[in-house]
Amino acid sequence: MEIPSRIVKQSGRLRPAPNLLDHAATCASFSWESAAAGLAGLPGGGLNMACEAVERHLAEGRGDKVALRWLGKSGQRSEFSYAELSAHCHRFANALGQLGVQPGERVFLLLGRLPELCFALLGGLMARCVVSPLFSAFGPEPIATRCELGDARVLVTTPELYRRKVRGLRARLPGLRHVILVGAADPELLSDPGVQGWSELVDTASADHAIGPTDPEDMALLHFTSGTTGRPKGAVHVHGAVLAHSVTGRYALDLHADDVFWCTADPGWITGTSYGVLAPLCNGVTSVVVEAEFDAQTWYGVLESEQVSVWYTAPTAIRMMMKLGLEALQGRDLSALRFMASVGEPLNPEAVVWGLRAFGLPFHDNWWQTETGGIMIANYAAMDIKPGSMGKPLPGITAAIVRRQQGGGIELIEQSDIDGELALKTPWPSMLRGYLNEEERYRKCFVDGWYLSGDLARHDAEGYYWFVGRADDVIKSAGHLIGPFEVESALMEHPAVAEVGVIGKPDPTLGELVKAFVVLKPGFEPSEALMRELLGHGRSRLGAAVAPKEIAFRSNLPRTRSGKIMRRLLKARELGLPEGDLSTLESDEQK
Ligand code: 6R9
């Protein structure tokens with residue numbers, strides 16, 4: 001496939017006219033303070049995410065417009081107007097009140113992409129609780145860890161997920177007082193302490209509820225993310241982040257009032273919350289929520305039947321579609337589609353260009369993180385695309401490439417085309433306000449007024465940013481951020497395992513796949529059967545999205561003198577790459 005170095009946009013011809021026509025001029029005149037004037041705010045003052053996403057549309061006469069269009073796995077299709085959505089959310093907020101749940105308490109969600117996920121997310125915010133959506137494909141271990149760390153008071157889930165993953169954890173989670181089950185539950189489950197059915201509790205609650213006073217700095221969302229070491233980090237986001245959701249939806253995703261928008265991400269990861277729920281609703285569009293997992297034909301069917309106009313997806317899915325070839329698209333009417341964007345992992349230049357061949361449109365890559373809360377760097381609708389580049393910083397965002405210095409400071413690299421760490425000037429509205437109960441880890445992200453992302457990147461002479469890699473050992477598989485430590489800990493529980501080192505191994509479709517190197521305890525021998533057992537153990541503890549897909553046995557693992565497993569070296573050896581600086585290497589019997 002021939003890759004042009006530039007895809008030229010004739011922005012004057014784009015219809016509707018892009019929201020961000022002149023990037024440089026808008027950046028020069030933009031301020032978050034003046035953008036904030038576009039928010040509705042609570043009637044009595046203050047700011048609440050759910051009010052911006054839902055209530056304002058009722059107040060401004062758009063209550064009848066379709067907010068959510070839900071496509072169920074078995075072909076169901078339901079629509080909820082902004083007014084209906086509002087009623088469902090207020091019922092949930094009232095139900096929390098009936099349970100005695102107080103503002104600030106944590107409501108966890110462990111659900112597939114169901115309408116109730118949106119109702120509980122927004123309703124929880126209306127009740128001024130802190131909402132933490134979890135990925136429903138997590139196994140019991142990641143669920144328990146996050147509920148413990150986040151002090152989950154309420155969990156909304158389904159009977160099936162409760163039975164398979166949560167029930168056995170209840171003893172570990174004494175603070176979890178209420179479990180609300182969405183869908184028909186057998187009476188046996190409902191007899192567990194604090195377990196109630198959504199239909200009995202929420203559907204019967206009154207929709208008469210007013211959002212109480214909310215400060216823009218009140219904690220709204222808790223999104224867990226992973227680091228190289230230690231337990232997952234709970235990134236704290238506040239109600240004021242909604243300003244960034246709203247503005248980035250308009251600028252980076254080019255949302256216009258008439259759009260039918262589809263974000264394919266699961267709200268268990270931040271993209272699915274910020275852009276699957278909040279940003280589209282803040283911009284008053286119709287947002288499509290699809291319950292089914294990825295399948296190219298199903299997805300093309302959704303694009304066609306719903307006449308999706310703006311589509312936000314991820315590189316792994318695009319690569320899977322590319323594999324299938326263009327025939328699968330033949331005969332489809334995708335004429336409504338006008339803007340396509342991608343996030344979560346490096347988007348290959350081939351994928352950008354494949355978009356042109358398949359849909360007549362390029363994919364617009366953009367970059368952000370759980371910590372940034374919203375899109376920071378993007379290819380805008382009106383901007384020429386350089387395939388392989390993440391684009392340019394958003395108005396209101398100052399990015400830079402920096403180098404950490406010995407003494408703890410940073411040096412800004414002004415020169416283009418030099419690799420360094422991607423940094424963002426603080427603050428911006430959706431910036432994380434902390435890692436829950438981990439002040440030190442949070443503080444370490446900031447130096448001299450800059451947030452350090454942990455990603456390596458460079459910029460070119462025109463100000464386009466290019467992703468280079470991660471500075472740490474965190475793994476991105478199918479767009480999901482996975483902490484090697486969490487995987488290692490789960491494998492260590494197995495009686496045969498003495499030591500584990502986990503890496504991300506490059507994979508043509510998934511970006512990276514999780515690979516574990518295992519040293520067995522005396523008395524255990526490597527075998528095909530043991531390997532399968534360990535893979536199965538990983539899946540049952542961690543869930544398929546996080547568990548290792550490959551396991552290799554080793555008699556020893558490379559360690560530093562301080563005893564840390566050198567994942568970097570495991571990876572270099574796996575890939576046949578230069579081993580780099582080995583001065584800290586302690587044991588090296590592997591070679
Ligand atoms: C939104 C989200 C963040 C990490 C980030 C980076 C990687 C995200 C990317 C990208 C290359 C892009 N990442 N977008 N890498 N190109 N356009 O994904 O948040 O799950 O916290 O992951 O994902 O490494 O640091 P999160």
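**View 1. Surroundings of glutamine 405 in the predicted model.** Beyond residues up to four places away in sequence, glutamine 405 touches Ile410 and Glu411, where contact means heavy atoms within 4.5 Å. Glutamine 405 sits in the loop between β17 (399–404) and β18 (410–412); strands are DSSP runs of E with at least two residues, helices are runs of H or I with at least four, and both are numbered from the N terminus. The relative accessible area of glutamine 405 is 41%, so the residue is partly exposed; buried means under 20%, exposed over 50%, and partly exposed in between (1.4 Å probe, protein chains only). The model is predicted: local features need pLDDT of at least 70 and side-chain atom pairs count only at pLDDT 80 or more, while totals for chains, interfaces and linings use all residues. Residues are numbered from 1 along each chain as its sequence is written, and side-chain values use heavy atoms, with hydrogens and water left out.

**View 2. Asparagine 379 and its polar contacts.** Asparagine 379 belongs to the loop between β15 (377–378) and β16 (389–393). Asparagine 379 counts as buried because its relative accessibility is 1%. A polar atom of its side chain lies 3.0 Å from the backbone oxygen of serine 389, and the side chain of asparagine 379 also reaches the backbone oxygen of methionine 390 at 3.4 Å. A polar contact is a pair of N or O atoms within 3.5 Å; within protein, one must be able to donate a hydrogen and the other to accept it, and residues adjacent in sequence count only if both atoms are side-chain atoms. Leaving aside neighbours within four places in sequence, the contacts of asparagine 379 include Ala252, Phe339, His364, Asp365 and Tyr464.

View 3. The ligand is surrounded by 17 residues, the closest being Asp365, Asn366, Gln369, Thr370 and Asp455; a residue is near if one of its heavy atoms lies within 4 Å. An oxygen atom of the ligand is 2.8 Å from an N or O atom in the side chain of glutamine 369. A polar side-chain atom of lysine 476 lies 2.8 Å from an oxygen atom of the ligand. The protein buries 97% of the 540 Å² that the ligand exposes when taken alone (Shrake-Rupley method, 1.4 Å probe). Strand β14 gives the largest share of the shell, three residues.

**View 4. The largest nonpolar core.** Of its 104 residues, Leu122, Val156 and Tyr312 touch the most other members. Such a core is a set of buried Ala, Val, Leu, Ile, Met, Phe, Trp, Tyr and Cys residues joined through side-chain atoms within 4.5 Å. Helix α5 (residues 115–126) contributes the most to this core, eight residues.
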